[in-house]
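The entries follow in the order I worked.

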Amino acid sequence: MDEPVIDLTAISAVVFDTDGVVTDTARGHAAAWKHVFDAFLRGRSAPFDIRGDYLRHVDGRPRLDGIRTFLAARGITVPEGSPGDEPGAPTVHGLGLAKDRVFMEQVDKYGVAAFPATVALLHELRHRGARTAAVSASLHGRKLVGSAGVMHLFDLMVDGNDAALLNLPGTPDPALFLEAARRLDLPAAKVAVVVSALPGIEAGRRGGFGMVVAVDAEGEGAHAAVPDLGAVEVRGRVLPLTS
């Protein structure tokens with residue numbers, strides 16, 4: 001695996017996944033999933049493993065895909081339902097709505113924090129002339145990044161609302177990342193992606209991106225794996241001084 005260096009002679013932009021990379025929300029997501037799944041699984045199966053099940057089946061996937069993937073792993077089938085279902089109803093949509101409600105209650109109560117190492121890297125990239133974008137499968141992506149106070153560090157964001165409008169699949173499909181590259185007017189080979197989940201790593205490789213950096217995750221398939229983005233060095237282009 002290569003050294004964790006973003007070389008701006010080869011890379012013109014960096015696209016960041018949000019959960020677990022920009023915003024410190026992964027623990028909140030996992031806790032919300034456990035709250036909802038444990039209530040549903042009572043009498044049906046063992047409780048939701050907040051680390052193993054979350055990382056293996058849910059993390060990095062759109063909410064409804066995560067539900068389908070996790071329940072399939074437990075051999076459980078439920079109806080799809082519809083967006084009008086009662087939160088907590090035993091349907092894919094009902095469980096998703098319950099998780100969304102629990103998670104957003106936490107956000108409204110406690111706010112959202114950005115990782116300091118990520119903020120520092122964003123400042124360095126922009127100082128050196130690289131473009132930056134954020135990607136999230138969540139319908140609340142813009143709210144979360146805005147609440148963390150870092151929206152100004154991105155040229156653009158592609159979130160779950162864009163995915164729904166454009167009918168873009170979530171990871172491990174690279175569609176969201178490729179849409180960010182398209183809006184940056186850059187080929188994937190000139191773009192690095194930073195992710196924290198295995199589906200994101202797969203998306204980065206399938207999309208043909210110039211560099212895939214995995215943060216606090218198993219790095220198989222990534223060009224570099226780091227405990228946090230403070231371990232990433234940036235080399236190359238610097239914006240010219242202006243008077």
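**Entry 1**

I count two residues as in contact when heavy atoms lie within 4.5 Å. The model is predicted, so I keep that in mind throughout.

With that cut-off I listed the contact of α1 with α4. From α1 I found G28, H29, A31, A32, W33, H35, V36, F37 and F40. Their partners in α4 are L95, A98, K99, V102, F103 and Q106. I sorted these by class and got 10 nonpolar, four polar and one charged.

Next came the geometry. I describe two packed helices by the angle between their axes and the distance between the axes. For α1 and α4 the angle is about 140° and the axes are 9 Å apart. I noted the crossing of α1 and α4 as right-handed.

**Entry 1: helix α3 against helix α4**

I moved to α3, residues 63–73, and α4, residues 92–110. They pack at about 120°, with axes 9 Å apart. The pair α3 and α4 is therefore oblique. I logged a right-handed crossing for α3 and α4.

Which residues meet here? On the α3 side I have R63, L64, I67, R68 and L71. On the α4 side I have V92, H93, L95, G96, K99 and D100. The class count for α3 with α4 is five nonpolar, two polar and four charged residues.

**Entry 2: helix α1 against helix α3**

I then checked α1 with α3. Their axes are 13 Å apart, at an angle of about 45°. I therefore class α1 and α3 as oblique to each other. The crossing of α1 and α3 is right-handed.

I listed W33, F37, F40 and L41 from α1. They meet R63, I67, F70 and L71 from α3. By class, the contact of α1 with α3 has seven nonpolar residues, no polar ones and one charged.

**Entry 3: the largest pocket**

I turned to empty space. Rolling a probe the size of a water molecule over the atoms shows where such space is left.

The largest pocket has a volume of about 800 Å³. I found 40 residues lining the largest pocket, and the closest to its centre are R61, P62, R63, A137 and S138. Which elements give two or more residues to this lining? They are α1 (26–41), α2 (52–58), α3, α4, α7 (160–166) and α8 (175–183). I noted that α4 gives the largest share of the lining of the largest pocket, six residues. By class, this lining has 18 nonpolar, 13 polar and nine charged residues.

**Entry 4: the second largest pocket**

I put the volume of the second largest pocket at about 660 Å³. Its lining has 27 residues, and R51, L55, D59, S196 and D216 are the closest to the centre. Here α1, α2 and α5 (116–127) each supply at least two residues of the lining. The largest share of the lining of the second largest pocket comes from α2, with four residues. I counted 15 nonpolar, four polar and eight charged residues in the lining of the second largest pocket.

**Entry 5: A114**

I looked up A114. Where is A114? I found A114 in the loop between α4 and α5. A114 and D24 are 90 residues apart in sequence, yet 5.8 Å apart in space, C-alpha to C-alpha. I then listed what A114 touches, leaving out residues up to four places away in sequence: V22, T23, V119, A148 and V150.

Most residues other than glycine have a negative phi, and most peptide bonds are trans.

I marked N167 for its positive phi of about 60°, although N167 is not a glycine. N167 sits in the loop between α7 and α8. Which residues does a cis peptide bond join? I found T171 joined to P172 by one, with omega at about 15°. P172 lies in the loop between α7 and α8.

Notes:
Residues are numbered from 1 along each chain as its sequence is written. This is a predicted model: local features need pLDDT of at least 70, side-chain atom pairs count only at pLDDT 80 or more; totals for chains, interfaces and linings use all residues. Side-chain values use heavy atoms; hydrogens and water are left out. Axes are lines fitted to C-alpha atoms, for helices over the stretch in contact, and angles run from 0 to 180 degrees between N-to-C directions. Angles under 35 degrees count as roughly parallel, over 145 as roughly antiparallel, 65 to 115 as roughly perpendicular and the rest as oblique. A crossing is left-handed if the near helix is turned anticlockwise from the far one by less than a right angle, and right-handed if clockwise. Ala, Val, Leu, Ile, Met, Phe, Trp, Tyr, Cys and Pro count as nonpolar, Asp, Glu, Lys and Arg as charged, and the others, Gly among them, as polar. On a 1 Å grid over the protein atoms alone, a cavity is a set of points where a 1.4 Å probe fits but cannot get out, and a pocket is an open set with protein on both sides within 12 Å along at least five of seven lines; lining residues have an atom within 4 Å of a point. Grid points are joined across faces, edges and corners, and a volume is the space filled by probe spheres set on the points.
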